[in-house]
Each structure stands twice: as C-alpha cells, then as structure tokens.
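Welcome! Keep the 3D view open as you read.

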Amino acid sequence: MKKVFAIEEFCLACHLCEYNCAFSHSGMKDMVKAYKSGFQPARIQVEESGEINFALNCRHCSDPVCMKACITGSISRGEDGVIRVDTNKCVGCWTCVMTCPYGAVVRGRGDRKVALKCDLCTESGNTPACVEGCPNRALVFEERGDD
Amino acid sequence: MGINYIQPGFIVLRDQNRCIRCRVCERQCSNEVHRYDEDDNIMLADESGCVDCQRCVSLCPTHALAITENPNHLRQNANWSNQLIYENYRQAESGGMLLSAMGNPLPFPVYWDKILLNASQVTNPSIDPLREPMETRVSLGSKPKRLEIENGILKTKLPVNLQLNVPIMFSAMSYGSISKNAHESLARAATELGTYYNTGEGGLHEDFYKYGSNTIVQVASGRFGVHSGYLMAGSAIEIKMGQGAKPGIGGHLPSGKVKEDVSRTRMIPMGSDAISPAPHHDIYSIEDLRQLVYSLKEATRYTKPVFVKIAAVHNVAAIASGIARSGADVIVIDGFRGGTGAAPTRIRDNVGIPIELALAAVDQRLRDEGIRNDVSVVVAGSIRCASDAVKAIALGADACYIGTAALLALGCHLCRDCHSGKCNWGIATQRPELVKRLNPEIGYKRLVNLVSAWDHEIKEMMGGMGINAIDSLRGNRLMLRGVGINEKELQILGIKHAGE
Amino acid sequence: MLLMEGETRIPSGCAIVGLISRKGRMIPGDTAVKAIAVMHDRSNGLGGGFAGYGIYPQYKDLYAFHIFYYNQKAKEQTEEFLNSHFDIECLNNIEIRRLPNIIDEPVIMRYFVAPAQLKLKSSQLDEREFVARCVIRINSEIDGAYVFSSGKNMGVFKAVGYPEDVGEFYRLEEYQGYSWTAHGRYPTNTPGWWGGAHPFGLLDYTIVHNGEISSYDANRRFLEMYGYRCKLLTDTEVITYIFDYLNRRSGLPLEEISNIVCARFWDEIDRMPEEERRKHEAYRSVYSSLLINGPFSIILGFSGGIMALNDRLKLRSMVAAEKDDMVYVASEECAIREICPSPDRVWSPRGGEPVIARLEEGGRN
C-alpha cells in the first residue's frame, strides 16, 4: 500500500507538515480560523537532532502493536490497509500511545480526549496534506512494498 | 556600539490576525530576523539582517507576511541617493571595499527593451510550430572554410562541435559560489534538455562526472580543480578571461565556503580563501592566449572545442577578432549586467558595456574580417527571457548563456546577498542545513520547464517571422527594429528604426 | 518619399516558368512567353523577364553583357571601365519593339566581351571571378548603369511590365535557345525598376523566383563576407549569389546545394546512416547561414541546364512535367499545358526536392 515516507536528506525541519496535518483534520476551510478554534495535535511530528531531521507518522505496520494493545477494540485495519482509530469507541486510555514503537499515536486535547493518528487523509481522498504541503518534497506518498 | 548610522533596508509587515505562530519564518530565516516571544505568544522581528529574500513570505502558510522597503528615508537628494549615503556610512565604519552580488541593478538602458521583432503578414505565411517542423538546434564550434564533397561523400574532416537542442546553455557558476545541489540541478537539466551547463572555476565534483557529455569545464586564472581528468570529463573547455559583472577583476571565494567537498574539488586546503588572480598570469597578451588554447587542445587530443569567455569592454570587437584568430572555437561575450556571486560594487556597477552593443559590434567586426563563420559566438550577461534570446540571435549570436534566469528557476529571489553565504534558498551557500533546501529533484525539473517554455516561445516567435530553423534567424537583423534609440545606437546595433 | 528598388527591401509574389530540351533542340523564345502569359494574374505589371540559354552561338566564347543605362554619364563611365578591363568584340543596342504598355525604358545595350588579358593576369583571379567582380563593381559603383546579364551564350531580357509584353518588347520570337526561364512579378511596394525585374543574373547563373524569403538578412550578411554586395535588396539577388558562392566558388554540385539551401530536417538527419548523417550535419553546421527560409519556388538557369527548387515546407506552388526530351517547370500546371498539352508525366516536386534537367552528352550547342 502507499504510505508516507520521509526523505531525511531534504527535510528542512520547517514543521509545515504538522500544521498542514492539523489543519486538514480540523475540517475547517481556513487555516487561521482552524488555528484560532484550537488545533488538535498533528499526527505527524518532525524529529530534530542537530543536522538530522525528518518527519514521522504512523507506519501502518503489518502487525500493529497499537491494535493488539487497544482495550476497547477501537483500532482496526481497514480493507485498504490503513490503521484507524474509531474515536467513538476510544476511551482515551493511551495504551496505544505507550505501545507504539514510533511514537506515532498522539493524545487528543480538549473535550476530545481520544487517540489520534495518521489516516493518510483517506477521508478527504486527496494526497495526504503533509505530503502535499511539503515545500521541499521531503515527504513522499508512494508504494514501496511491505515493510 | 555607538550610533546606528545604517538603518534596515526593509521591514517585516506581519498580519498578527493571520499569524498562527507556526514559526516557519523563524526556522527558515538564516539571517535571524524572526523570533517567537513565548510570554506573549507572538512573532516578533528584527529587520537589521533582512535582505528581502522572500523565503519567509514564500513559506508562510497563512500569507501573514510581507516585506517592504523601510519607509524611513534620509532627506531626498537627487545627487546623493539614500543608497550612496548608506554606502559611505558603511565604508566609514569598515574601511573596506563594498561587495555586491548578482548583476548591475542600476537603471542603464536595456537595449533588448528598445528592439522589436518582425512578423509575417500576407506576402509570406507565418509558420505554426504546432503543425510544422520548427528547428532550434544549434552546433557550436569552429567551421572549415569550405566542405569538400566527392561523389556525394564528405571528404572534409570537421572540428568537433557541440550540438545544442536549444540555443540556451547554463552559464558558468562555480561549485563553491553555488551549492552542490544547485550544480546537480543544472547538470541534470542540461542533460535532459540536450544542452550544456558550465562548471565555472571550481572544478567538477566527482559525483557529476557522469554528466560530462553535457558539461563545459572552465579553466580560469586560479586554475582551481583543473587536472587532465577534469579537462577530459567535459564536452568542451572554457577559458575564462573575464566576467561581465567584474571585468578586470579576479575572484574570491571566502574561506568559509571552502568546506571539505569544495576543498577537494578545487584542490585547495580546507578553510583557505580561493583567490583567482585578475589576469591569467601566463596570459599577458593575445599570443599567450593562443598558447593556452592549443595547450588545452593538445591535452585533450583535439576532442574538445575551446571557448574563450571575455567581459564586454570598450574594445570588445577587436579583442574578439584576436580571439577568433587564436584557435578558439567559440567566443563568449559577457555583458555588464551579468551576475556574480560577489563583486566589488563599484566595479560591478561601473565597468563594461551592454551586451547588445558588444554583440552587435563583435558580430559585425568578425563579418567585416570575413571570419564570422570560423567561430561561434555565445552571449551572456542578462538574457532574461525568450525574446531577449531571439533578439540576441538575430543580432548575430549563435546561442545564449543564462545564469540569473536559471537561478530564478531554482528559487533565487534576486536579493543580491550571495556574498554572505547565507542564501536562504540553498543556492549560493555551502551551509549544509541551507543547501538541503534546494532539492535537485525539484530544481532540475524547474530548469527543464523554464528552458522548454523559452524554447516554445522562441519557436513561436520564429514561426511568426516565417522562419522554421534558427539557422535563418542568426544575424538576421532585418527582423529587428529599434524604438526610441538614437541614430548612433541604431548604427552600432546595425538595425533600422521602427517605421523604416 | 517613395524609396526606389535598392533603397528599401521589397517583397514580391510571382509566377515562374522553366523549360529545357535535353537534346539541345532550339526553342524560340515566344514559347516561354506563351506559357508565362497564362499566369497573367500572378503578375501585376511591375516586372517581367526571360533568360535564354544557347541564344548566341556565334559569340559563344564571349561574355554577353546586357546593360541598362539611365543617363549618358553612366554609359560613358561604364564603357570606359569596360574598355580598360575587357576587349569588346561587338556592341549594339538590343533591338526592341515599341509598345504602349512598356514605358520609360532606359538605354539597353549589349556587349560581347572577353577579359583584357593583361588586366586579368594582374588581378590574379580566375576568369569567371574576374568577370563577376567587374559586374558587381559596375552595378555597385556606377550610378545609373546596371549590368543585368553577364554570361556566355545566354541572355537575360527584362523590363517593367507584364511578362507577355516584355517578351514582345524584346522580340523574343527572334531568339532560339535550348532552355528558357520566365518570370512575372507581383511586387508589393515599388515604383518598378527595370533592374529589379527577374531573372536576376550573374555570369551564366540566372534565378527566377516566386516567394519572400525570411532568411534574407542572414543570407546577405553571410555572403557579404565573401565579397558580394547585395545592392538590390531583393531575394532573387541574394539567391543568385548563394548559388554562385556554393557552385562556382565552393565547387559543390547542384544536387548537394539543394541540401544546403533546403537543408534536411534534423529529425530526418538523425535517422540517416552514419556517413550520410555526418555529411548533412556538416552542411547544417558550416553553411547554416545559407539555408533559405520562408516560401519560395525558384528556377536556376545555368549553362547546360535548369534546376527548380521549392522551400522545404513547400509554401509555394510548383509543378514539373516531362514530354520526350523536354522538361517543364511552372508555378501552375496550366502554364505547362499551354505549350505542351499532353505531357508524359506531371508531378509536384516535394519541398526541398530539386528538379535538375541537363543537356544530354553531345546535346550541347
């Protein structure tokens, strides 16, 4: 399946992917308005250390630990291979957050205290917002075979 | 620190209503203009480092930014511009020469903008490049006086020529003055376009030898990075005698840019200043040039055409004639508006002549001497668009070099701060965190797009003139008319005034 | 002020005809007149002309100069020049027939000359180059004199008027030649000057031309490097010089010259076998400034043959036909049918594909 991959060589650590992610999942049409109404945390994070930086999001593992660990069965794999959280079922126990080896599941804020993770922007049907908005093509959305 | 004589040239206008504190401006500014204030959750700016490179503006996701001229003005004075006054302040402070980058920004006449092209009406048809063949291929190099054909078979052995699919090449910009990623973009674009890029005087990075069949290697006064493998690696060799942005001046790559890779490629110690002397110290006269031309030809077994590049100076026509007789295959003339990574400001802004006049004079001189067909003529020094290229070819050039236009495709915003080494666009810098901002995968495609777009436009203009091969455009000055220029200028350009 | 021919560049459309007997049979000049007359509408009365080859057998070893004089002084100067550079064997006024439609004719003289041996030797030029330079010199330096024909055993006849009137004016029915070319002119902006009519000739090369070439200044500026002075600013003049430069001065055969003036397209060259490709690449590299661009159909007349050629996109009409030993070329088929009602073969040559017809061995006069 197609996934988001980071090209570390070209990541500028500009963090725009995080903002594009948060905006895209806000369901709002204007970024400024979305920001003002309180962004949820981005489901992609730029990791920085010295000269090395890259953006990381859910790997949609073939054997996802988060799914196994979920106490309410709210994490599942769709037919398209995408691992999603059913926020109606999620109780915010954060077991998934603790078990994910990549730290790719984040905690929702405010009145939505549920686990949030990358869904490859499948709801919008577009290229994932992080990839679309990357100014240096340091994120790509492509098929690379099974990991 | 005493009195603040020098005020920032620009100010940052930030729409706080739009700002989402994503801090991309802060992260992207190598001049440290933007800063986040945690106490007030607000972005602030200190414009003293701002060069108006527009990086922050271009990356701001909510279009909350604009950079504008500082409205603060010294008292108006038609003789003493603000710029001049500040320059004097700066020199009073530093005691040094002023440095600038990119081409001459002063309002000298741009003759391209005073020349108009012809088109067919009624008496002959214009040609539609979408329906009919339209050829922009050019071969560069010396030509024999005549061809001998025996029973339909060519007997004459021709000197090696370069074939260009488009009459546009990328001019010399050294690895050092620009980044490795910029070089890679140029090399890959030249390869895809079927044209050439020029290494400049900085050697050829070992990763780029594979693009040799689309590379022109340069030999300049510092001889940086020159060895037999280098000479053989390219398709042609260019001897750089001068540069339009700084005629009569050498080059200086500051030690800060001589990092490990640059040092290895240039064959000089890391962290040393790379200084190219003003003249070649083995060329004090035209006969010395001839020796270098032939040394290079001998060294490469006569398999590479030799270009000689000169700055357009007052007696350029006579110099070009001398070069044409020195064994050179291609003469490159670089006009006074050509770009540079760094030049003394007074030199850049006051030395040399416009490329249009230089080209017209050189082409006519070589024709008057009957030797125009012995060599090719390439022009550089601010060819800004396809119509400039068409006009240059109609005035007599075989092809054009573009430098600044190519950098624009790579993201350059002409802030003219290359000499600082802090290019926010990853072009004129060697700092790894900045270099990586230019992704060659994106860069080369933008270059290919730019030149392909120009090629389409060139073809469209040629078609309008009823010409289907660029061969028939070269030197075809009847296709040009001047507007608003005087008799003398028309005479030098060898064109008529509009209406004639 | 209305600029005269030679003072400004004048584009023009036209009609052309060429015919040759490959066996060298003599054809009266009015045959060509009949053919060109059919295409009356392609001319506008501002120029017509003819070139006949093999018409002066009695003087075949001498250069026949046809000269227009517009004033007495020009004539005196020219004759002084001719006397010092040539031996004049014979001179006369070209006989004409007065017609109401042909007016303002200059004095039209004919001289049969041989280069003065001493002058020729001291010039260190070969004979044809010497003659060519003398012609160019008269035309560019003597105001009011114009040598419009300068080959051996051939002659150009031209005037301002419709071609059929021009033929009658020059009494062409009285001349016999093995080949003829003819031209009717449709200039778009000219008061009409006799020298500007076609054919344009230098030595025995003559050109009749229909079209407007867009490569004019590229061609001119290249040729002027080699001593040519393009004085008339017409396409025909420049085309004639191109053929003179490539054929006479560079020694290239006509078959190859068409590959230069109508260079093959690059995508065709790229597909050629190695040796062929190298040759065409060389043409396009060395002689790229002699590519003739824009619409044209031309007929080159030379001693012993004619060559017809279209621009490489075939932007002008041109038809060829054959009947026994005759070869015809014309802008329109009707012109050929007028003088040869049932040809064996009629075809439309492709752009850039030359039609070359020569006298057969032993067929030459």
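This is a predicted model: local features need pLDDT of at least 70, side-chain atom pairs count only at pLDDT 80 or more; totals for chains, interfaces and linings use all residues.

Four strands form an open sheet in the order β5-β6-β4-β7 (chain C), and their pairing is antiparallel. β5 (86-93) and β7 (145-149) of chain C are at the edges with a single partner strand each, so one side of each has no neighbour in the sheet. From one strand to the next, the twist averages 30°.

Strand β4 (residues 63-69) of chain C runs antiparallel to β7(C) and is joined to it by four bridges. Across this pair, I67(C) stands opposite V147(C). A helix also packs on the sheet: α4 (residues 127-141) of chain C touches β4, β6 (107-115) and β7 of chain C, and its direction makes about 140° with that of β7(C).

Elsewhere in chain C is another antiparallel pair, in which six bridges join strand β3 (residues 48-53) to β8(C). Here F50(C) stands opposite F157(C) in β8(C). The two strand pairs can be set out together:

| Strand pair | Bridges | Direction |
|---|---|---|
| β4(C) and β7(C) | four bridges | antiparallel |
| β3(C) and β8(C) | six bridges | antiparallel |

Is β8(C) mostly covered or uncovered? Strand β8 (residues 154-159) of chain C is mostly covered, with six of its six residues buried. In a regular strand, side chains alternate between the two faces of the sheet. In β8(C), M154(C), V156(C) and K158(C) point one way, while G155(C), F157(C) and A159(C) point the other way.

Now for a pair of helices. Helix α7 (residues 235-249) and helix α8 (residues 254-261) of chain C pack at an angle of about 130°, and their axes are 10 Å apart. The two helices are therefore oblique to each other, and their crossing is right-handed. Where they meet, α7(C) brings I242(C), F243(C), L246(C) and N247(C), and α8(C) brings L254(C), I257(C), I260(C) and V261(C). By class, the residues of this contact are seven nonpolar, one polar and no charged.

Which residues of α8(C) are buried? They are I257(C), S258(C), N259(C), I260(C) and V261(C). Their cover includes α7, α10 (274-286) and β14 (305-310) of chain C.

Finally, step back to see how chain C meets another chain. In the contact between chains B and C, 34 residues of chain B touch 37 residues of chain C. The chain B side has 13 nonpolar, eleven polar and ten charged residues.

Definitions and conventions: Residues are numbered from 1 along each chain as its sequence is written. Chains are lettered from A and ligands numbered from 1 in the order in which they are written. Two residues are in contact if their C-beta atoms, placed from the backbone, lie within 7 Å. Ala, Val, Leu, Ile, Met, Phe, Trp, Tyr, Cys and Pro count as nonpolar, Asp, Glu, Lys and Arg as charged, and the others, Gly among them, as polar. A residue is buried if 20 or more other C-beta atoms lie within 10 Å of its own, exposed if 12 or fewer, and partly exposed in between; C-beta atoms are placed from the backbone. Two strands pair if DSSP finds at least two bridges between them. Axes are lines fitted to C-alpha atoms, for helices over the stretch in contact, and angles run from 0 to 180 degrees between N-to-C directions. Angles under 35 degrees count as roughly parallel, over 145 as roughly antiparallel, 65 to 115 as roughly perpendicular and the rest as oblique. A crossing is left-handed if the near helix is turned anticlockwise from the far one by less than a right angle, and right-handed if clockwise.
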